[in-house]
Amino acid sequence: MIRLFRYLKPYRVSVAIVLVLVFLQSLANLFLPTLMANIVDIGIVKGDTGYILRVGGVMLLITLAGTTCAVASSFFAARTAVGFGRDLRARLFSHVENFSLHEFDTIGTASLITRTTNDTNQVQQVLVILMTMMVSAPMMAIGGVILAISQDATLAWILVVAVPILVVAIILIFTKAIPLFRVMQVKIDKLNLILDEGLTGVRVIRAFDRSQHEEQRFDVANHDLTDTAINVNRIVAALWPLMMLVLNLSTVAIVWFGSVRVSNGDMKVGALLAFMQYATQILFAMLMLSAMFIMLPRAAASATRINAVFDVAPEIRDASATVHAAERSGYVAFEDVTFSYPGAEEPALAHISFRAAPGEITAIIGGTGAGKTTLVNLIPRFYDAESGRVLVDGVDVRAMPQEELRAKIGFVPQTAVLFSGTAADNIRYGKEMASDDEVRHAAETAQASEFIQDMDDRYDAVIAQGGTNLSGGQKQRMAIARALVRRPEIYVFDDSFSALDYATDAKLRAALKQETGAATVFIVAQRVSTIMNADQILVLDEGRLVATGTHRELMETSAVYREIVLSQLSAEEVA
Amino acid sequence: MSQDRRPQAGNRPGGQGQQGPMMFGPGRGGLGMPTQKAKNFKGTLFRLLTYFRPQKYKLLAVLAAAVLSTIFNIVGPKVLGLAITRLFQGFILKLNHVPGAKIDFNYIGHILLILAVLYVISSLFGYAQQYIMAGVAQRTVYGLRREVDEKLARLPLKFYDSRTHGEILSRAVNDMDNISSTLQQSLTQFITSLVTVVGVIILMLTISPLLTLVVVITLPLSIIVTTKIAKRSATYFARQQRSLGELNGHVEEMYNGHKIVKAFGHESRSVAKFDEMNDKLYDAGWRAQFVSGTIMPLMMSIGNLGYVFVAVLGGILVTQRAISIGDVQAFILYARQFTMPITQLASITNTIQLTIASAERIFELLDEPEQSAEPVAAQTIAHPRGAVQFTGVTFGYNPNTPLIEDMNITVKPGQMVAIVGPTGAGKTTLVNLLMRFYELDDGQILVDGVDTRELRRGDLRRMFGMVLQDTWLFNGTIRENIAYGRENATNEEIIQAAKAAQADHFIRTLPESYDTVLNQEATNLSQGQKQLLTIARAVLANPEILILDEATSSVDTRTEILIQRAMSELMRGRTSFVIAHRLSTIRDADAILVMNHGSIVEQGTHEALLAKGGFYADLYNSQFAARAVEEEAVR
């Protein structure tokens with residue numbers, strides 16, 4: 001939490017202003033009882049109405065001044081706290097944008113989203129409260145003590161007794177309650193998870209006739225949560241009555257011992273009244289502070305999660321001395337590349353070597369988990385190889401600036417991701433300066449122009465977040481168009497035709513052939529028919545490159561390849 | 001679904017655990033926040049109250065304790081005033097050197113003792129009230145939550161299909177949370193505040209009507225100030241909420257599409273867009289904070305104003321001997337106690353409105369029509385063989401536009417039915433009918449000669465095994481997910497099932513093997529791997545009838561032949577409905593159902609359908625025949 005407050009530095013002047021204003025406001029509030037004591041001890045005792053009115057006037061002015069300070073401090077506090085939140089969010093976001101896929105895998109996309117949105121808000125919210133209320137509480141407490149002592153130092157011993165009692169009570173209650181609050185949050189999450197699963201999996205649950213089981217699961221979690229909630233609330237139930245009791249009994253004690261001092265002529269009645277009010281203010285301030293015990297742990301948890309993100313240094317960074325590729329052509333080479341995902345028992349890719357040249361189509365085929373996607377992810381340096389080298393145009397990708405490397409590549413991922421914006425925006429994502437003609441041409445090649453023309457606003461049709469208003473096949477074609485408009489040296493199609501029907505697939509393939517003629521093309525495919533005429537086919541099996549060659553060669557030489565081919569033909573055709 | 005979709009819960013400043021009044025000013029759903037209104041406030045309120053019926057005595061005890069605690073507390077200042085007055089009288093006499101003058105400690109001590117007892121009793125009642133309320137509130141919410149969950153289990157699939165999960169979840173989570181905290185805090189606070197306001201006014205009147213007037217005059221002032229500010233801050237809060245929504249949307253989009261952002265080198269543009277949105281959020285955010293932040297100090301100032309008036313006017317009245325000094329002291333305390341409950345009442349009214357609106361949404365859910373009851377004398381099929389017969393089946397999601405009309409088909413045990421059609425042709429409709437997720441409009445479906453409506457739904461569904469492309473796995477270990485197919489499966493059986501589904505190998509490459517915990521969206525597995533797990537789950541369940549979705553893209557190539565083997569093995573001796581993409585499957589099928597736009601357009605054997613030259617023939621020629629030619633070429 002404290003670590004995050006370093007981002008408050010640009011606001012130190014504002015923070016200082018807030019502190020001063022809150023201090024003045026506290027002074028104003030504290031000064032009123034003293035003035036009232038004067039009304040009693042001087043005005044009333046002497047029966048001087050003029051004096052009473054004069055002091056009353058001063059009290060009004062002070063109230064006004066106090067209010068002004070309060071409103072002004074609210075202004076600065078709001079700007080500071082919300083500004084801090086903005087800065088924190090911005091830093092976090094740009095930090096995360098530098099992450100490689102590896103860091104996304106480790107922390108988790110959903111968790112990163114929560115940390116960037118919810119957790120930063122949580123911290124900002126606490127800072128608001130900290131700056132508005134929590135700053136004034138200690139000032140009120142300290143100021144109250146000083147003024148109470150100035151009214152009557154001897155009576156102050158009552159406070160010396162009451163305050164520690166209060167503090168101990170608060171600490172006792174919170175040390176019991178806070179861990180329970182934490183437990184409760186976990187149980188709430190658990191309950192919600194069960195509920196969510198029940199919704200998404202309703203068909204499966206009913207198909208396996210497990211409704212009873214799910215209901216029991218829910219009931220156990222529900223019961224568990226309820227028990228904890230009752231416990232927590234019963235503990236916290238003691239807080240307020242206990243506070244009030246300490247406060248009220250202190251007042252009683254002050255009046256009793258105060259009376260004795262008044263009787264001995266050591267103290268005036270007005271001073272006694274003022275003293276009582278100070279005692280109330282002090283104890284209330286303590287109460288306020290106790291609220292921090294609730295706020296802070298929750299914010300601290302958020303702060304820890306945010307810090308954990310800041311602590312992750314992006315694994316993939318540009319080398320300090322970058323090398324530029326001499327030529328723009330699109331040669332790709334893997335030299336004995338091995339790669340494993342963190343924590344996995346077996347490497348996802350082991351000792352992969354091959355070369356791909358411009359004008360060639362390299363197809364990659366293999367079973368689920370064979371490492372096809374992993375392999376193509378190494379080309380744009382989404383991950384770094386564990387050993388061996390990936391070369392693009394003769395330069396190790398780790399030595400090249402990431403931007404330059406990726407500018408060479410048109411990447412079409414397995415699941416098409418689109419962004420909110422128009423259809424044209426989405427295609428231009430590949431090349432910002434693309435002309436309307438270029439966009440249209442790319443769409444035509446990708447067989448996307450037909451459905452785009454069918455939409456209400458054509459190229460200006462709005463694509464919803466995540467492309468939810470398009471079908472799977474339409475999204476894939478958009479993603480292909482986005483890569484085409486770049487006219488890159490290297491194309492990577494990671495199983496990008498899976499959602500297309502046969503006729504579209506054939507047309508797209510024919511159009512692509514002309515478009516990508518001079519480029520280096522990688523195609524990850526499931527179906528043999530897709531890649532039969534590739535210049536070279538890489539056959540992967542459990543992370544190993546088991547065979548390389550053309551379709552005809554592989555049919556002769558590779559048992560694995562033959563097995564794949566045969567698996568896709570109907571039994572009668574094989575026989 | 002993860003934490004991020006339910007940020008509202010427990011996210012408000014000072015949400016849970018906030019017991020004392022005014023600890024954080026306008027809190028949960030308090031002043032200045034936008035409100036939602038219930039359509040039928042009174043009806044919903046009464047219905048919510050019925051949930052307290054099992055605990056009505058406890059609730060009455062809470063109410064009594066709240067009232068007593070408040071009364072004992074607010075009488076305090078008046079009693080204290082008696083002691084102060086006596087003290088002041090003695091003090092004045094001594095000051096004027098009246099002989100024999102002394103302070104009446106006997107009387108003062110007596111009063112203070114009474115006062116101490118009053119305060120102790122007040123605190124005890126206060127504690128009792130909170131303590132009992134904790135049980136009442138949480139148990140009520142427990143019951144409500146359980147009712148919702150049980151209701152969800154009885155709702156037909158139609159309900160789930162016509163609503164988003166977010167919508168249902170928001171009722172069961174956010175709305176429930178609202179009710180929970182209101183019951184815990186706001187209800188008793190409402191009572192104590194009300195009693196305080198009324199009690200304080202009465203007590204003030206008994207002391208001095210004139211001073212009461214002075215204090216009450218500040219009342220309209222505070223109401224005007226709060227409502228005015230609240231209105232302004234509500235617009236800023238709404239703007240803040242909107243900006244926050246946009247910003248969160250951008251973050252979600254960019255993080256989910258991180259790979260694309262990287263691939264196309266758009267990092268800096270993404271950051272620039274974020275900064276722009278972030279600035280907008282800042283602008284609305286600080287205004288909202290600032291405006292709502294002024295409510296507290298302004299209320300305090302108005303309170304102070306009353307304080308000054310009382311001090312001055314009271315002082316003058318005391319000099320004229322119209323009122324005693326103790327009464328002025330009491331008044332000062334009352335004036336302080338007065339503004340607090342008023343702001344609180346305003347904010348609680350707001351909260352209660354929010355809560356009733358929440359309750360209304362939950363009741364709406366509870367009132368949804370349920371699926372038809374299970375048959376009274378349910379039949380059972382002791383030795384299922386897997387014969388399926390449709391006779392005169394008519395069905396449509398919308399009764400006016402039937403998708404299936406008078407469909408008749410007889411499937412003998414062990415036969416295979418292929419379902420063919422373009423993507424989006426409505427294959428799930430058939431699943432919905434076979435598994436009785438939806439009810440037929442007319443006709444009947446017989447399994448082993450028994451009408452499916454005469455079977456318990458659970459008994460019927462247990463005869464089926466389902467492997468769809470749309471996988472569902474739950475947050476748990478891989479072992480638990482496979483075991484979902486059958487209760488009490490042994491470890492050996494689970495591994496056997498995984499092996500049969502060709503999932504054993506990839507499971508063993510995972511860090512924790514069979515104990516790997518699937519995260520919430522199961523993003524730590526590929527689509528193909530997820531499907532392998534669902535196959536293993538079905539293998540373990542060992543059903544009589546299978547519904548299979550032939551994999552198109554996710555589980556293919558080399559794995560496919562192995563899976564195909566496993567599936568054929570699984571299909572042997574079992575009746576199966578296969579959503580087919582493979583040429584061989586449809587050629588081998590005993591019957592083919594051709595679907596288009598959700599309805600079954602043709603049915604028959606491959607040869608018969610080809611001969612007919614209808615939709616199937618077209619489809620076959622455009623898709624499968626072309627592929628067949630290519631497959632020839634491969635050879």
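Trainee: Leaving aside its neighbours within four places in sequence, with which residues is B:Lys151 in contact?

Mentor: Residues are numbered from 1 along each chain as its sequence is written, while chains are lettered from A and ligands numbered from 1 in the order in which they are written. Two residues are in contact if their C-beta atoms, placed from the backbone, lie within 7 Å. Once neighbours within four places in sequence are set aside, the contacts of B:Lys151 are B:Leu365 and B:Leu366.

Trainee: How many other C-beta atoms lie within 10 Å of B:Lys151?

Mentor: A residue is buried if 20 or more other C-beta atoms lie within 10 Å of its own, exposed if 12 or fewer, and partly exposed in between, with C-beta atoms placed from the backbone. B:Lys151 is partly exposed because the number of other C-beta atoms within 10 Å is 17.

Trainee: At what angle do helix 3 and helix 9 of chain B pack?

Mentor: Helices (H or I, at least four residues) and strands (E, at least two) are DSSP runs, numbered from the N terminus. Axes are lines fitted to C-alpha atoms, for helices over the stretch in contact, and angles run from 0 to 180 degrees between N-to-C directions. B:Lys151 lies in helix 3. The axes of helix 3 (residues 105-154) and helix 9 (residues 325-366) of chain B are 9 Å apart, and the packing angle is about 35°.

Trainee: Which residues of helix 9 of chain B make the contact with helix 3 of chain B?

Mentor: Helix 3 of chain B passes helix 9 of chain B in a left-handed crossing, meaning that the near helix is turned anticlockwise from the far one by less than a right angle (clockwise would be right-handed). On helix 3 of chain B the contact is made by B:Leu144, B:Glu147, B:Val148 and B:Lys151. Their counterparts on helix 9 of chain B are B:Ile362, B:Leu365 and B:Leu366.

Trainee: How many residues of that contact between helix 3 and helix 9 of chain B are charged?

Mentor: Ala, Val, Leu, Ile, Met, Phe, Trp, Tyr, Cys and Pro count as nonpolar, Asp, Glu, Lys and Arg as charged, and the others, Gly among them, as polar. The contact has five nonpolar residues and no polar ones, and the number of charged residues is two.

Trainee: Which element of chain B has the highest mean pLDDT?

Mentor: Chain B has a mean pLDDT of 78, with 86% of its residues at 70 or more. Over residues 1-32 of chain B the pLDDT is below 50, although this stretch has 96 contacts in the model beyond near neighbours in sequence. Where pLDDT is low, the predicted coordinates should not be read in detail. Among the elements of chain B, helix 19 (residues 615-634) has the lowest mean pLDDT, 60, whereas the highest, 90, belongs to helix 3.

Trainee: Against which helices of chain B do the buried residues of helix 8 of chain A pack?

Mentor: The buried residues of helix 8 of chain A include A:Phe218, A:Leu225, A:Val232 and A:Ile235. Within chain A they pack against helix 6 (157-200), helix 7 (202-207) and helix 9 (239-263). In chain B their partners are helix 3 and helix 5 (165-207).

Trainee: Which residues does A:Arg115 touch, not counting those up to four places away in sequence?

Mentor: A:Arg115 is found in helix 4 (residues 109-134) of chain A. A:Arg115 counts as buried because it has 23 C-beta neighbours inside 10 Å. Beyond four places in sequence, A:Arg115 touches A:Arg305, A:Ile306 and A:Val309.

Trainee: What is the phi of A:His351?

Mentor: Most residues other than glycine have a negative phi. A:His351 lies in strand 2 (residues 349-356) of chain A. Although A:His351 is not a glycine, its phi is positive, at about 50°.

Key
This is a predicted model: local features need pLDDT of at least 70, side-chain atom pairs count only at pLDDT 80 or more; totals for chains, interfaces and linings use all residues. pLDDT is the predictor's confidence in each residue, from 0 to 100.
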